[in-house]
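Hi,

Here is the structure I promised to pass on. Have a look at it first, and then read my notes below.

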Amino acid sequence: MGTEAISQYLAAMNNRRAIYAFLSRIYEKEVTTDLLKEMISGKSPILRVEGLEEVPDEELREGLKKLSGYLKGLKGRDLEQARLELAVEYANLFLGVKGKPPHPSESVYRSKDRLIMQEPMDEVLHAYWDAGVDKEKKFKEPADHIAVELQFMAYLCRRTAEALEKNKKDEAKKYLRMQKDFLRNHLSLWVPPFVKDILETAEVDFYKGVAIITKRFVELDNSMIDDLLGAVEEL
């Protein structure tokens with residue numbers, strides 16, 4: 001493998017890992033004041049964009065503008081007050097306080113009766129086991145919760161990068177195929193309707209922006225995964 005080519009794909013994999021991990025954290029639990037400070041400083045992987053007008057995808061640009069606009073509006077505000085505001089919004093959106101969106105898990109969006117812990121969760125668990133991972137026991141939500149699925153994609157990106165660094169092309173391809181299957185068979189099937197429910201319910205641009213970014217990032221990642229796989233095969 002050429003050193004330059006490896007560096008290019010390592011950068012792509014690490015960027016994708018960072019974005020999936022960041023999105024997972026946002027859905028996992030309420031934001032903290034420390035996380036808000038990090039995001040305001042521009043250190044978040046999602047907000048490392050020089051000039052939002054330069055983002056070519058219109059929908060992604062809209063999501064980034066909503067999120068960055070909310071964060072800019074925090075300048076001079078009491079961050080603890082903002083944290084409490086976002087905690088209320090988080091409870092409304094993801095803890096079932098208002099009833100819509102329903103539970104943020106794949107089973108609810110892909111099962112006939114819209115119940116948690118249905119067949120899609122079993123499918124997701126098998127994908128985790130095939131990759132040699134188990135859901136963290138400290139996280140009490142079902143295995144097909146949006147935060148867990150996004151974290152799984154971050155894990156697969158990390159394992160792909162590690163394989164590339166060690167010049168293990170076959171192993172890198174294995175983890176890329178797992179990413180492709182998980183995007184096509186899971187995330188891309190239920191994230192769009194999930195985001196639609198968020199946008200119909202959310203009152204704060206923070207979560208509206210995150211939702212739009214999540215949907216569009218999953219869609220764009222799904223559209224480019226074949227190219228990534230093909231590129232690694234040719235290295």
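Let me start with Phe194: its relative accessibility is 0%, so Phe194 counts as buried (buried means under 20% relative accessible area, exposed over 50% and partly exposed in between, with a 1.4 Å probe and protein chains only).

Before going further, a word on the basis: this is a predicted model, in which local features need pLDDT of at least 70 and side-chain atom pairs count only at pLDDT 80 or more, while totals for chains, interfaces and linings use all residues. Residues are numbered from 1 along each chain as its sequence is written, and side-chain values use heavy atoms, with hydrogens and water left out.

**Aromatic pairs**

The structure holds 16 aromatic pairs (rings of Phe, Tyr and Trp, the last by its six-membered ring, with centres within 6.5 Å; planes under 30 degrees apart are stacked, over 60 edge-to-face and the rest tilted). In one of them, the ring centres of Tyr27 and Phe194 are 5.9 Å apart and the planes stand at 55 degrees, so this pair is tilted. Because Tyr27 belongs to helix H1 and Phe194 to helix H8, the pair ties together parts that are 167 residues apart in sequence (helices are DSSP runs of H or I with at least four residues, numbered from the N terminus). Tyr27 and Phe194 are both buried.

Phe94 and Phe194 also make a tilted pair, at 6.3 Å centre to centre and 45 degrees between the planes. Here Phe94 lies in helix H4 and Phe194 in helix H8, so the parts tied together are 100 residues apart in sequence. With 4% relative accessibility, Phe94 counts as buried. Tyr27, Phe94 and Phe194 are among the members of one aromatic cluster, which also includes Tyr90, Tyr109 and Trp190.

**Helix H4**

H4 covers residues 79-94, and its 16 residues reach 21 Å from first C-alpha to last, close to the expected 22 Å (1.5 Å times one less than the number of residues). Its buried residues include Leu79, Leu86, Tyr90 and Phe94. After H4 comes Gly96, with a positive phi near 75 degrees.

**The loop between H5 and H6**

Arg114 sits in the loop between helix H5 (106-110) and helix H6 (119-130). Its phi is positive, about 55 degrees, although Arg114 is not a glycine. Met117 is in the loop between H5 and H6 too, and its phi is positive as well, near 60 degrees. Arg114 has 43% relative accessibility and therefore counts as partly exposed. Arg114 also lies over the face of Tyr109, 5.0 Å from the ring centre (NZ of Lys or CZ of Arg within 6 Å of the ring centre and within 35 degrees of the ring normal).

Best wishes

Terms used: Helices (H or I, at least four residues) and strands (E, at least two) are DSSP runs, numbered from the N terminus.
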